[in-house]
Amino acid sequence: MSALTVHNLRKSFGAVEVLKGIDLEARNGEFVALVGPSGCGKSTLLAMIAGLESVTSGEIRIGERLVNSVAPKDRDIAMVFQSYALYPTMTVRENMLFGMESRKVPRPEQEATLARVAALLQIEALLKRKPGQLSGGQRQRVAMGRALVRDPKLFLFDEPLSNLDAKLRVDMRTEIKKLHHRVGKTTVYVTHDQVEAMTLASRIAVMHQGSVQQFDEPQRIYDHPANMFVAGFMGSPAMNFIPAELTTEGGKPALTIKLADGETATLALFDNVASRATSKQVILGIRPEHLSRYDPEARAQKPGMVSLHAPVELVEPTGAETIAVMRLGDLEIVGRFDPDEAPSMGEEILLGVDMAHACLFDPATRQLI
Amino acid sequence: MQSVLEPSAAAAGPSWRERLAQAVPFLVLAPSLAATLIYVFVFTGWTLYISLSNSSLLPTYKFIGLKPYADLWANTRWNIAYHNLFIFSAFYVVGAMAVGLLLAIVIDQRVRGEAIWRTIFLYPLAVSFVVTGTVWSWLYTPDTGIQLFVRSLGWSNFTFALTTDRNLALYAIVITGIWQSSGFAMALFLAGLRSVDQDIIKAAQIDGAGVFRIYARVILPTIAPIFLAVMVVLLQFAIKTFDLAIALTNGGPGIATTFPAIYVYDLMFQRGQIAQGAAAAIMILAALAVVLVPYSLWLVWRKRREGKNG
Ligand SMILES: Nc1ncnc2c1ncn2[C@@H]1O[C@H](COP(=O)(O)OP(=O)(O)OP(=O)(O)O)[C@@H](O)[C@H]1O
Ligand SMILES: [Mg+2]
């Protein structure tokens, strides 16, 4: 059974259509992440699910119930805002009790819930403080606490971690994941951070310019991006896109790519994608981690491996891995190397390309072939 | 930040250029500072001294102690004036704030033509108290104003004569004052309401609070400092009520709507009782101080507390 169903949802502000027919669903207990670049309509979609924005057309169902024109308070949802939106004049305790008081929950039950949630989030020591006296991370916890004291059908998070520093963000990410395991509530989580989406979600909806580009499990989105936007958006450094031409080599399908000085390189295709292509021109998408120093021995284990010469233009060590920018004809491609076998600047590296993981895109439609 | 900069500055010693840069604000402010000092403290001191002297038609400097104060408080008219001041201030401040807040909340619901409404309600503030008083006095006067109008509509027994009733005349001034000032209160409240983080209101909606509860528990507490500021400004408007009362009722009927400021003017310039007039002025100052001193202390306290919390 699905806890949330969004069907062909549209939203216009005046003449501007911000959401263009969104379809989405979250199964009971599922963690769905909405990702996309700034301004793609994530917050608007979330606000519409919450009832804070009106629906232009389409359907939103929570459980079985159509909630298009139900007031936010009657939708049985809880929301955590990017700004946390704590009531500044109330103490943490009052902040957390406010919702239950509004709903006339009996006093003893209020106290019991407050104690349980405060213990869960380890904010007992903060209960008497005002939001202004808390650090960013503490405020974030309180904001989650305020949502958790209710027992809603649906949790909505709007970029709850984007105001935290990098380290705290990673910690809180882990905590949210644990929390979701423990509480098991259906959650819709907006973020523009694809790592957050990958780590937390059971399914990800990638949005761009008001429509969902792909809605699938994280690994499938990563391995089989539906189009070039998704391929480029998910993963960092981004996927390399190399224009190529379908050819054959020794009777088998292959790709030809242009190198500098009119030279070309031919890469054997591992898959039988060639049969699905509608034109000879394609775009090869290859992730930085599928480029490596060519090793003839490893070739035996990785049947898709082909090799290629490329001069190294820039090397960026990050500690755990080394990012190298290499030249391929008119293009720059980015590879991700183990520091032990990282190339050095100016080196002409013999690059191994793992064609088993390559994606091909149609240059006209930009869709995956 | 400062602690980082200081050591190097101290090591080099401030150059004359830096010194000049530091001195400029003082130089620019000096004339107005001096003027303020003279007008406020010197003249207040002078008034205080005169209020303890035996000045009558002209100021003299013979000290006679608190006698002018005793004479002042022995006078019924002064007692009524001081009493009026408190009644008026209470009703006027509470009334103007209530009406202003109500208007602000209504306009905050994103009504159509908001700018027009705002201007209309703010407009009375642009009119001087004298003009307001004169116009409203026509409205209040039975044979020219509202009474005449309603009677002309057919209700021939209708009576509306606030300003001629000694028990009600004060409230006529209160109503006029509220008309004049509630737009000002509205403008400040509206600015406050608009500054409230929209997410907080959305959070309260999701938390299941109704409109009334959202205002009472979430929005209005957030703008509490504005309430205080509006109250202080209105109170000092109230204490200086002079022109409004003069234009509207001229202190009448009888002495029913005398205010301290009117009385001071009378004593000083009509009856040649300068010492007593000065004593009355000092009493007005005392009434102002009762309001402003705690407010200033509160502001300082709050700033210090905020400084501590970073
Ligand atoms: N009230 C509004 N009136 C007009 N346009 C709006 C309104 N609210 C949002 N928009 C527009 O809708 C689009 C989507 O906005 P939205 O806030 O949903 O983006 P977002 O995906 O949440 O971006 P971000 O990651 O920056 O938060 C934007 O182009 C924005 O300008
Ligand atoms: Mg947003």
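Predicted model: local features only at pLDDT ≥ 70, side-chain atom pairs only at ≥ 80, totals over all residues.
Which residue just after H9(B) takes a positive phi?

Residues are numbered from 1 along each chain as its sequence is written, chains are lettered from A and ligands numbered from 1 in the order in which they are written, and side-chain values use heavy atoms, with hydrogens and water left out.

**Chain A as a whole**

Select chain A, which holds nine helices and 20 strands; helices (H or I, at least four residues) and strands (E, at least two) are DSSP runs, numbered from the N terminus. Its C-alpha atoms fill a box of roughly 80 × 45 × 35 Å along the principal axes. Of the 369 residues in chain A, 49% are buried, where buried means under 20% relative accessible area, exposed over 50%, and partly exposed in between, with a 1.4 Å probe and protein chains only.

**Backbone stops in chain A**

Most residues other than glycine have a negative phi, and most peptide bonds are trans. Select A:Asn8 in strand E1 (residues 2–13) of chain A, where phi is positive at about 45° although the residue is not a glycine; A:Asn8 is partly exposed, with a relative accessible area of 33%. Next select A:Gln209, in the loop between strand E9 (203–208) and strand E10 (211–216) of chain A, whose phi is near 50° and which counts as exposed at 54% relative accessibility. Then move to A:Pro237, in the loop between helix H8 (228–233) and strand E11 (240–249) of chain A, where a cis peptide bond with omega of about -5° joins A:Ser236 and A:Pro237.

**Helix H9 of chain B**

Now select residues 198–206 of chain B, which form helix H9. At its start, a side-chain oxygen of B:Asp197 reaches to within 3.0 Å of the backbone nitrogen of B:Asp199. Just after the helix comes the residue asked about at the outset, B:Gly208, with a positive phi of about 90°.

Colour the buried residues of H9(B), namely B:Asp199, B:Ile200, B:Ile201, B:Ala203, B:Ala204 and B:Ile206. They pack against H10 of chain B and also against helix H1 (42–50), strand E6 (77–80), helix H2 (92–102) and helix H4 (136–148) of chain A.

On the H9(B) side, B:Ile200, B:Ile201, B:Ala204 and B:Gln205 meet B:Ile214, B:Val218 and B:Ile219 of H10(B), contact meaning heavy atoms within 4.5 Å.

**Last stop: B:Leu288**

Finally, select B:Leu288 in helix H14 (residues 274–309) of chain B, which counts as buried at 18% relative accessibility. Leaving aside neighbours within four places in sequence, B:Leu288 is in contact with B:Gln236 and B:Ile239.

Terms used: Axes fitted to C-alpha atoms, helices over the stretch in contact; angles between N-to-C directions. Polar contact = N/O pair within 3.5 Å; in protein donor to acceptor, adjacent residues only side chain to side chain.
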